Amino acid sequence: MNKETAPRRFGPDFVAGQLDRYGKRPPENRMLSYDLAVLDEYEPWRIWLDEQLDLLPDAAAAIFAANLWRDQNFWPDIIELAAGDALRRKGLTVEFERRWGTLTPDWTVLDEAGVPVALVEVLTHSPHQGTSARMKAWHALVERLKQIPVPVVLTVAGDPSGPLGAPDARTAKKIAQDLRGALLSPLHRSEFRSQGYTFLLQADPRTRQPMRPPGMRTILIPPSNMAGVISAQPVAAGIQKKISKYRALAEEAGVPLIVAVGADKFTGLEVQHFDDLLRGAPTLSVQFNFGDSFIHKPVDIDPSNPPRWTMPPELAGVLWVNNQFPFTSTWRPNPAATTPAPPGLVGQDPSPAM
């Protein structure tokens with residue numbers, strides 16, 4: 001069976017299988033990408049994924065398909081596929097994981113004769129280790145509290161000096177039991193303590209009365225586990241590591257080295273933050289949600305000497321891959337590159353003022 005007539009990997013059968021396997025599981029036992037795997041509104045994502053995998057060798061496509069939906073793989077795999085798609089959209093021919101001795105850069109750009117003209121390695125900026133597990137744990141408590149038939153909104157009181165630990169499954173069950181008894185009690189309270197946590201009843205700032213969410217269930221706004229300073233400095237450090245690994249290969253092959261960069265959506269990192277680092281802009285970006293009490297450890301900022309990163313000459317440029325479908329890209333050339341990038345990349349996107 002050829003690829004033109006092969007059934008879709010992520011078509012109706014896949015969706016039905018995901019619903020059957022995970023639909024009745026508690027949220028903490030589902031992948032964070034579950035909605036993307038089953039909801040109709042994300043059908044274009046799944047079609048795009050099928051199209052990208054059809055362009056890969058069969059063995060590589062099978063590995064992607066088997067591992068893609070795991071939390072630790074989802075965004076790195078999406079960014080890697082999107083980088084290849086971005087290169088093709090620019091009219092370039094690419095080969096996935098071409099072997100160069102002991103190294104296999106993610107993409108090799110080829111000319112019309114099939115001769116390599118550039119190496120592209122992909123870097124994905126990810127949240128701190130354990131973020132997914134903490135998000136799932138808080139979400140599990142949110143779902144338990146939704147079973148309480150009292151329409152109120154709760155937040156969790158936290159310590160501004162450090163992040164609040166997420167409850168495990170047993171603790172979440174006990175919290176739900178305690179809060180059910182407290183909220184169904186005739187006593188009017190605005191603060192509830194359970195299992196070492198303090199939950200606060202949220203009031204409407206206009207009426208001073210308890211907020212009443214839609215429906216008849218208790219809503220908890222937990223810590224997001226995304227709060228903190230957004231910085232492209234870890235990306236610059238990651239690019240340096242990629243250069244160290246592939247510098248000699250690019251020099252020996254006489255081709256430019258490009259790093260394609262993308263970010264897990266939970267990091268909040270965007271191309272603007274990378275541009276700010278390239279310019280040395282005196283800006284500070286922080287992301288947080290309503291349920292966050294701890295934002296970040298103290299940060300020393302010197303507006304007269306902001307962090308700045310200069311692309312080393314071994315790097316031809318950075319292809320930034322946006323993490324919103326349909327995954328557009330932005331090219332940031334290195335004007336001081338020893339070996340410039342292929343013409344298909346140069347000049348299609350404006351470079352930030354240096």
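This is a predicted model: local features need pLDDT of at least 70, side-chain atom pairs count only at pLDDT 80 or more; totals for chains, interfaces and linings use all residues.

User: Which side chain does Glu 143 meet in a salt bridge?

Analyst: Its partner is Lys 146, with 3.1 Å from N to O. Lys 146 counts as partly exposed too, at 31% relative accessibility.

User: And how many salt bridges are there by this rule?

Analyst: The count comes to 13. Another of them joins Glu 95 and Arg 98, at 3.1 Å from N to O. Glu 95 has a relative accessible area of 29%, so it is partly exposed, and Arg 98, with 25%, is partly exposed as well.

User: What about Arg 8, which residue does it form a salt bridge with?

Analyst: Arg 8 pairs with Glu 43, and their closest N and O atoms are 2.8 Å apart. This pair links distant parts of the chain: Arg 8 lies in the segment before H1 and Glu 43 in helix H3, 35 residues apart. Arg 8 is partly exposed at 35% relative accessibility, and Glu 43 is partly exposed at 24%.

User: Which residues are linked with Arg 8 in a network of salt bridges?

Analyst: The network links Arg 8 with Glu 43, Arg 46 and Asp 50. Arg 46 and Asp 50 are among the buried residues of H3.

User: Nice, let's stay on H3. How far does it reach?

Analyst: Helix H3 covers residues 43–54, twelve residues, and reaches 17 Å from its first C-alpha to its last. That is close to the 16 Å expected at 1.5 Å a residue.

User: Which other residues of H3 are buried, and what covers them?

Analyst: The buried set also includes Trp 45, Trp 48, Leu 49, Gln 52 and Leu 53. The cover includes helix H1 (12–22), helix H2 (34–38), helix H4 (58–67) and helix H5 (71–89).

User: Why might some residues of a helix point the same way?

Analyst: An α-helix has 3.6 residues a turn, so residues three or four places apart point the same way.

User: Switching to strands: in what order do the four strands of the open sheet come?

Analyst: The order is E5-E6-E4-E7, with mixed pairing. Strand E5 (191–194) and strand E7 (219–221) are the edges, each pairing on one side only. On average, neighbouring strands are turned by 30° against each other, direction ignored.

User: How do E4 and E6 run, and what stands opposite Thr 155?

Analyst: Strand E4 (residues 153–157) and strand E6 (residues 197–201) run antiparallel and are joined by four bridges. Opposite Thr 155 is Leu 200 in E6.

User: Last one: why is strand E12 called largely enclosed?

Analyst: Four of the five residues of E12 (residues 329–333) are buried, so the rest of the structure largely encloses the strand. E12 runs antiparallel to strand E11 (residues 315–321), with five bridges joining them. Val 318 stands opposite Arg 332 in E12.

Notes: Residues are numbered from 1 along each chain as its sequence is written. Side-chain values use heavy atoms; hydrogens and water are left out. Two strands pair if DSSP finds at least two bridges between them. Helices (H or I, at least four residues) and strands (E, at least two) are DSSP runs, numbered from the N terminus. Axes are lines fitted to C-alpha atoms, for helices over the stretch in contact, and angles run from 0 to 180 degrees between N-to-C directions. The expected span of a helix is 1.5 Å times one less than its number of residues. Buried means under 20% relative accessible area, exposed over 50%, partly exposed in between (1.4 Å probe, protein chains only). Contact means heavy atoms within 4.5 Å. A salt bridge is a side-chain nitrogen of Lys or Arg within 4 Å of a carboxyl oxygen of Asp or Glu.
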